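Here is a short briefing to read alongside the model. Take a look at the chain, then go through the points by topic.

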Amino acid sequence: MAEPDPDTLERRIERTRAELAKTVDAIADRVSPKKVAGRSVAKVKSQVKAQTEQVVSTIGDMVGQAQSPNGHRPAADEPWDDDYPASPIAPVLIGLGVAVAVGAVIVIMRRRRRR
């Protein structure tokens, strides 16, 4: 078995070093705290956006002002789809708001008495 000449060995070593440097850079880039945080933030943002769109769609359906995914609402001259009866969500939300306000007033009054 003939030994390769020194120039060939040197080129192989340089090529291996370059490949190793690329691999190390890729690993460092992947585990970089800044990059990991950026990927995590992007993932959370996309999840929040999806959840927000789902909640908005659900609330819109409950209130009777459904939107299509692209944000289209029927114009005044377009017929509404009245296949489903109106949901009693408005009185529930008003009652919830009143309960929160009364609770806040009670908490504030109790804190002022303790002083």
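Of the protein's 115 residues, 2% count as buried, where buried means under 20% relative accessible area, exposed over 50% and partly exposed in between (1.4 Å probe, protein chains only). This is a predicted model, in which local features need pLDDT of at least 70, side-chain atom pairs count only at pLDDT 80 or more, and totals for chains, interfaces and linings use all residues. Residues are numbered from 1 along each chain as its sequence is written, and side-chain values use heavy atoms, with hydrogens and water left out.

**Helices**
- The protein has three helices and zero strands, taken as DSSP runs numbered from the N terminus (helices: H or I, at least four residues; strands: E, at least two).
- Helix α1 covers residues 6-31, and its end C-alpha atoms are 37 Å apart, in agreement with the 38 Å that its 26 residues should span at 1.5 Å a residue (1.5 Å times one less than the number of residues).

**Record annotation**
- UniProt, in an unreviewed entry, places a "transmembrane region" at residues 89-109; such annotations may be inferred rather than shown by experiment.
- In the model, residues 89-109 are 100% helix, with end C-alpha atoms 30 Å apart.

**Salt bridges**
- The whole structure holds two salt bridges, each a side-chain nitrogen of Lys or Arg within 4 Å of a carboxyl oxygen of Asp or Glu.
- Arg-17 and Glu-14 form one at 3.1 Å, N to O; both lie in α1, three residues apart.
- Lys-35 pairs with Asp-29 at 3.6 Å, N to O.
- Arg-17 counts as exposed at 53% relative accessibility, while Glu-14 is partly exposed at 44%.
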